[in-house]
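Let us learn to read a protein model, one feature at a time. Keep the structure in view as we go.

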Amino acid sequence: MNGAASNGAMDGVPEGLGATVLIVDDSPTETRIFINTLSQAGYRVETATDGEQGVEMARRIQPDAILMDVIMPTLNGFQATRMLHRDAATANIPIIMVTTKDQPTDRTWGLRQGAVDYLVKPVSPAALLECLRAALQR
């Protein structure tokens, strides 16, 4: 992490300049929304379309943070988060689960797998950026 996040003021200064965020989501629509929000805030963005690809990319590119969906083919977000959290090479990358699964047990399970936060879709751009900012400052 490069510490480039701002103090939270959305004053037109790119807050995420230099920070790379990996989006792991199988929905092209959701991915496009996240890409637009993060790019406009100054983040570099990489994408993966399932948990297996997300784990591989996280190991390879070492992003500053990961936005992880839960319901995906091949390897779901809970499984991918657990794998990344248990791997010494990726254990320190903050993972924010961003999903439609909105039950308290889902949130608890996601945090137990190693996520630092849990957001329920649809999530506002402001809430997403605030959560990401907090995760990068940990």
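A: Start with a term. A residue is buried if its relative accessible area is under 20%, and exposed if it is over 50%. In between, a residue is partly exposed. Of the 138 residues here, 47% count as buried. Keep in mind that this is a predicted model.

Q: How many helices and strands are there in the protein?

A: The protein has five helices and five strands. Now follow their order along the sequence. The pattern reads β-α-β-α-β-α-β-α-β-α.

Q: In which sense do β1 and β2 pair?

A: Strand β1 (residues 20-24) and strand β2 (residues 44-48) are parallel, with five bridges between them. I23 faces T47 in β2. Now trace the connection. From β1 the chain passes through helix α1 (residues 28-40) to reach β2, a right-handed β-α-β crossover.

Q: Which strands does β4 pair with?

A: Take one side, then the other. β3 and β4 run parallel and share three bridges. There, L67 has I96 in β4 as its bridge partner. β4 and β5 also run parallel, joined by four bridges. In that pairing, I96 has D117 in β5 as its partner. The chain gets from β4 to β5 through helix α4 (residues 104-113), in a right-handed β-α-β crossover. Likewise, β3, α3 and β4 form a right-handed β-α-β unit.

Q: How many residues of β4 are buried, and on which faces?

A: First, the general idea. Side chains in a regular strand alternate between the two faces of the sheet. Now look at β4. Five of its five residues are buried. I95, M97 and T99 lie on one side, I96 and V98 on the other, and both faces are covered.

Q: What is a salt bridge, and how many are found in the whole structure?

A: Side chains of opposite charge can pair when their charged atoms come close. For a salt bridge, a side-chain nitrogen of Lys or Arg must be within 4 Å of a carboxyl oxygen of Asp or Glu. The whole structure has seven salt bridges.

Q: Where in the chain do D87 and R59 lie?

A: D87 is in the loop between α3 (77-86) and β4 (95-99), while R59 is in helix α2 (residues 51-61). They are 28 residues apart. Their side chains form a salt bridge at 2.8 Å, N to O. R59 counts as partly exposed because its relative accessibility is 39%.

Q: Are K121 and D69 buried or exposed?

A: Both are buried. They also form a salt bridge, with the closest N and O atoms 3.5 Å apart. K121 is in the loop between β5 (117-120) and α5, and D69 is in the loop between β3 (65-68) and α3, so the pair ties together parts 52 residues apart in sequence.

Q: Why does D106 count as buried but K101 as partly exposed?

A: Compare each value with the cut-offs. D106 is buried because its relative accessible area is 12%. K101 is partly exposed because its relative accessibility is 26%. The two form a salt bridge, their closest N and O atoms being 3.6 Å apart.

Q: Which side chain does the side chain of R133 contact?

A: R133 sits in helix α5 (residues 125-136). Its side chain makes a polar contact with the side chain of E130, at 2.4 Å. R133 counts as buried because its relative accessibility is 4%.

Methods
Residues numbered from 1 in each chain as written. Predicted model: local features only at pLDDT ≥ 70, side-chain atom pairs only at ≥ 80, totals over all residues. Heavy atoms only, no water. Helix = DSSP H or I, 4+ residues; strand = E, 2+ residues; numbered from the N terminus. Buried < 20%, exposed > 50% of the residue type's maximum accessible area, 1.4 Å probe, protein only. Polar contact = N/O pair within 3.5 Å; in protein donor to acceptor, adjacent residues only side chain to side chain. Pairing = 2+ DSSP bridges. Right-handed = clockwise from strand over helix to strand, strands pointing away.
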